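Please look at the structure now shown on the screen.

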Amino acid sequence: KEQLPVQVNCAIQASVGFIVLLLWQIVYTRPRYEALIHAPITQAHTTTFQAAGILLSFAVANLIHYMAFFYTLKHVSGGATSAGVMKALQSVLVFAFTSLAYCGRLGGNEMCFSSTKLASLVVVVGGVILFG
């Protein structure tokens with residue numbers, strides 16, 4: 001049975017996403033460029049070039065992330081289950097690092113570590129240990 005290679009799958013999904021976002025930028029963002037893009041960039045004391053560099057770095061990070069995800073689905077024993085376990089672990093780590101980076105600095109209490117987030121962390125890490 002033929003299967004779609006990981007690289008082709010990622011390329012197709014990235015192309016579809018690119019086309020959809022490009023259409024959004026042309027139809028919605030371009031007519032509102034000053035209010036949505038230029039004014040916030042100016043207020044943040046940066047340049048359009050620097051903002052584009054940040055977006056490019058996000059794009060590269062997403063490419064690496066999704067290639068790793070689809071590689072896990074195809075080549076790691078457990079496939080989707082392994083990917084789900086890793087995604088759960090990623091989520092609880094985001095709880096922890098978001099708290100360290102943003103609690104008391106940005107946003108409200110939702111940025112801080114809570115007992116509910118601790119319970120989630122314990123359950124997920126316990127599941128990862130049992131799965132592994």
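A charge is said to sit over a ring if NZ of Lys or CZ of Arg is within 6 Å of the ring centre and within 35 degrees of the ring normal. In this predicted model, the charged end of Arg 30 sits over the ring of Tyr 33, at 5.5 Å from its centre.

The model is predicted, so local features need pLDDT of at least 70 and side-chain atom pairs count only at pLDDT 80 or more, while totals for chains, interfaces and linings use all residues. Residues are numbered from 1 along each chain as its sequence is written, and side-chain values use heavy atoms, with hydrogens and water left out.

How many aromatic pairs does a search of the whole structure find? It finds one. Rings of Phe, Tyr and Trp (its six-membered ring) pair if their centres lie within 6.5 Å; planes under 30 degrees apart count as stacked, over 60 as edge-to-face and the rest as tilted. The ring centres of Trp 24 and Tyr 28 are 4.6 Å apart and the planes lie at 20 degrees, so this pair is stacked.

Trp 24, at 48% relative accessibility, is partly exposed, and Tyr 28, with a relative accessible area of 32%, is partly exposed.

Both residues belong to helix α1 (residues 6–29); helices (H or I, at least four residues) are DSSP runs, numbered from the N terminus. Trp 24 and Tyr 28 are four residues apart there, and therefore separated by about one helical turn.

Note on methods:
Helix = DSSP H or I, 4+ residues; strand = E, 2+ residues; numbered from the N terminus. Buried < 20%, exposed > 50% of the residue type's maximum accessible area, 1.4 Å probe, protein only.
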